[in-house]
Amino acid sequence: SYCRNKDVFSFETTTMIRGIAIIFLLIGHLSEKCIGGIGWFEDAGRWAVVMFLFVSGIALSKKHGIENLGKKFFLGRIRRLAVPFWLTLVLFVLLDYLLIGYYYSYKRLILAFGGVMFPWPPNGPAWFITYIIVMYIIYFLTSLFRCSFPYKSILLFIYSYSVMFLILYTKLNNSFALWVIYTAVFPAAVTIGLFRDKIFVFLKRLYNTSMPIYYI
């Protein structure tokens, strides 16, 4: 009854996490690009990516479930990403040309506007867009299988780690090595989202019976 009466991972909660992630992202990039030497602030950017992936996985499992999603789901996610991504990409390309006289090859621009971004100019931080699109594809493919949630969770991990090994042992490692450290985050977040009610019931029971273990 606890979970039926209380919305877990509410919109307000996920918005707060996204806000913290944005602050972490700014701190991480400030440290990496503007401050000499290596400091622990650089890790803030990595934790920001973890937060965004976590919130995305939770939100997807809550809003859409993971049962036989149609192409409307995938197209909707892409459309939501595309407009702000294209606007910022055009801005970066124009500023590079107008301020420093640098322009990009047609191949690089076609790949960029097609959603294939690398962690370098014209918009290096947007590498995350390409990664999350791949995660959406994995989520969509998993939804097509007719099996229970535990098996779908296992499939998500299998897909994610397959992408990781593909990157590690092919030339893709030259461009997408950054993806590897985040392999487990999205499938773990979706799994938590799918089983959120049972998880919160368990945590509430643990809180009432053994508070020290609960906090650990």
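Biologist: How do the residues lining the largest cavity divide into nonpolar, polar and charged?
Modeller: In this predicted model, the lining of the largest cavity is made up of seven nonpolar residues and two polar ones, with no charged residue among them.

Biologist: Which residues are they, the ones that line the largest cavity?
Modeller: The lining consists of Tyr131, Met135, Ser160, Val163, Met164, Ile167, Trp179, Val180 and Thr183. Two elements, α6 and α7 (149–168), each give two or more residues to that lining, and α7 provides the largest share, with four residues.

Biologist: And what volume does the largest cavity have?
Modeller: Its volume is about 50 Å³, and the count of cavities of 30 Å³ or more comes to one.

Biologist: Changing topic, where does Asn68 sit?
Modeller: Asn68 belongs to the loop that runs between α3 (43–63) and α4 (71–100), and its phi is positive, at about 45 degrees, although the residue is not a glycine.

Biologist: Is Asn68 buried or exposed?
Modeller: Asn68 counts as exposed, because its relative accessibility is 56% and the cut-off for that class is over 50%.

Biologist: One more thing, which peptide bond is cis?
Modeller: The bond from Pro121 to Pro122 is cis, with an omega near 15 degrees.

Biologist: Where does Pro122 lie, then?
Modeller: Pro122 is found in the loop that links α5 (106–113) with α6 (127–143), and α6 is also one of the elements that give two or more residues to the lining of the largest cavity.

Terms used
Residues numbered from 1 in each chain as written. Predicted model: local features only at pLDDT ≥ 70, side-chain atom pairs only at ≥ 80, totals over all residues. Heavy atoms only, no water. Buried < 20%, exposed > 50% of the residue type's maximum accessible area, 1.4 Å probe, protein only. 1 Å grid on protein atoms, 1.4 Å probe; cavity = no way out; pocket = protein on both sides within 12 Å on 5 of 7 lines; lining within 4 Å. Points joined across faces, edges and corners; volume = space filled by probe spheres on them. Nonpolar A, V, L, I, M, F, W, Y, C, P; charged D, E, K, R; others polar.
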